[in-house]
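Please look over the sequence and the model before reading on.

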Amino acid sequence: MTSYFLKQREAVPTGFLAAEAAGLRWLAEPGAVPVVEVVDEGEDFLQLERLEETGPHAAAAFDFGRRLARLHDAGAAGFGFSPAAPAFFGPLDSPFEVSTESVTSFSEFWASQRLTPLLSSVEGALTGEERATVASAVEAISAGGFDGIGGEGTEAPARVHGDLWAGNLMWTSGGCTLIDPAAHGGHRLEDLALLALFGTPFLEEIFSGYEQAHPMPEDWRQDLPAHSFFALLAHVRIFGRGFLGQTLRAARTITARAQSLDR
């Protein structure tokens with residue numbers, strides 16, 4: 001008998017589950033990475049295939065890294081493109097809506113559509129100095145230094161999961177499988193930054209597989225705080241000031257990195 005996983009919650013924002021279903025289908029479309037299958041959906045429920053976890057191991061991590069590069073290469077119509085509108089970020093019990101406007105540059109998308117609105121939503125809980133620290137990082141990103149990688153060139157919009165922390169990567173017999181996306185057109189370092197943010201098993205193997213498919217500049221990891229900054233600031237909004245220290249450290253790192261790239 002086939003077993004399914006039912007995702008359901010009363011009072012979920014209208015369109016939240018539809019956006020997740022559309023995101024899963026969009027990520028599955030290129031056939032690059034295993035993605036949990038959407039079986040059925042309704043306004044207040046999402047029925048998914050039930051996945052059996054096998055536990056992380058190095059070979060699966062390396063393979064996932066290569067596959068993730070292929071997924072990113074499938075591209076998107078623009079930065080900020082979403083396979084559904086409205087679109088959301090955050091857990092089932094406290095998501096918030098994000099823009100679905102499609103633009104041509106990562107800096108415009110990241111600074112104007114993601115970070116600035118998020119800063120506005122949390123600034124009442126920040127001191128003047130804390131707000132200035134965050135705003136400085138947003139300004140540094142807005143200037144365009146992170147549009148490429150390592151200050152070089154510009155990236156085309158990638159097809160990204162958008163919330164790829166370790167908890168949204170399931171280790172199964174079919175390979176590392178994606179769940180719970182905030183899928184959109186973005187910078188490919190967004191997914192890599194979130195894998196690194198809270199600690200993913202065999203992260204070095206994932207990165208090695210990715211770099212085999214997509215060779216990177218030597219200092220590419222120094223860009224990662226700019227690409228996980230939205231998730232950190234979102235944690236401040238959702239969970240409170242407990243994440244503020246990490247967010248402020250990231251903000252200072254981003255500003256310093258932008259200054260070094262500008263020399």
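A pocket is an open set of grid points with protein on both sides within 12 Å along at least five of seven lines, and a residue lines the pocket when it has an atom within 4 Å of one of these points. The model described here is a predicted one.

**The second largest pocket**

In the second largest pocket, the lining is formed by Ser136, Glu139, Ala140, Ala143, Gly144, Gly145, Thr255, Ala258, Gln259, Leu261 and Asp262. The volume of this second largest pocket is about 190 Å³. Helix H4 (128–142) and helix H8 (244–261) each give at least two residues to its lining, and H8 gives the most, with four residues. By residue type, the lining of the second largest pocket consists of four nonpolar, five polar and two charged residues.

**The largest pocket**

The largest pocket has a volume of about 620 Å³. It is lined by 36 residues, of which Phe89, Gly90, Asp163, Asp180 and Ala182 are the closest to its centre. The elements that contribute two or more residues to this lining are helix H1 (16–28), strand S4 (87–89), helix H3 (106–122), helix H5 (189–197) and helix H7 (224–239). Among these elements, H7 gives the most, with seven residues. The lining of the largest pocket divides into 21 nonpolar, nine polar and six charged residues.

**Helix H8 and Arg257**

The buried residues of H8 are Leu244, Thr247, Leu248, Ala250, Ala251, Ile254, Thr255, Arg257 and Ala258, and what covers them includes H4 and H7.

The side chain of Arg257 makes a polar contact of 3.2 Å with the side chain of Gln222. Leaving aside residues up to four places away in sequence, Arg257 touches Phe146, Gly150, Asp219, Gln222 and Asp223.

His227 belongs to helix H7, the element that gives the most residues to the lining of the largest pocket. With a relative accessible area of 2%, His227 is buried. Apart from residues up to four places away in sequence, His227 touches Phe106, Trp110, Phe146, His187, Leu189, Glu190 and Ala193. His227 and Ala69 are 158 residues apart in sequence, while their C-alpha atoms are 16 Å apart in space.

Gln113 is found in helix H3 and is also buried, with a relative accessible area of 10%. The side chains of Gln113 and Ser99 are joined by a polar contact of 3.2 Å. When residues up to four places away in sequence are not counted, Gln113 touches Gly80, Ser99, Glu101, Val103 and Glu108.

The table collects the accessibility values of residues discussed in this report.

| Residue | Relative accessible area | Class |
|---|---|---|
| His227 | 2% | buried |
| Gln113 | 10% | buried |
| Asp180 | 27% | partly exposed |
| Phe202 | 32% | partly exposed |

**Backbone angles to look at**

Most residues other than glycine have a negative phi, and most peptide bonds are trans.

Asp180 has a positive phi, near 45 degrees, although it is not a glycine. Asp180 lies in the loop between strand S8 (175–178) and strand S9 (184–186), and it is one of the residues closest to the centre of the largest pocket. At 27% relative accessibility, Asp180 counts as partly exposed.

Phe202 is another residue other than glycine with a positive phi, here near 55 degrees. The place of Phe202 is in the loop between H5 and helix H6 (203–213), and with 32% relative accessibility Phe202 counts as partly exposed.

Technical notes
Residues are numbered from 1 along each chain as its sequence is written. This is a predicted model: local features need pLDDT of at least 70, side-chain atom pairs count only at pLDDT 80 or more; totals for chains, interfaces and linings use all residues. Side-chain values use heavy atoms; hydrogens and water are left out. On a 1 Å grid over the protein atoms alone, a cavity is a set of points where a 1.4 Å probe fits but cannot get out, and a pocket is an open set with protein on both sides within 12 Å along at least five of seven lines; lining residues have an atom within 4 Å of a point. Grid points are joined across faces, edges and corners, and a volume is the space filled by probe spheres set on the points. Ala, Val, Leu, Ile, Met, Phe, Trp, Tyr, Cys and Pro count as nonpolar, Asp, Glu, Lys and Arg as charged, and the others, Gly among them, as polar. A polar contact is a pair of N or O atoms within 3.5 Å; within protein, one must be able to donate a hydrogen and the other to accept it, and residues adjacent in sequence count only if both atoms are side-chain atoms. Contact means heavy atoms within 4.5 Å. Buried means under 20% relative accessible area, exposed over 50%, partly exposed in between (1.4 Å probe, protein chains only).
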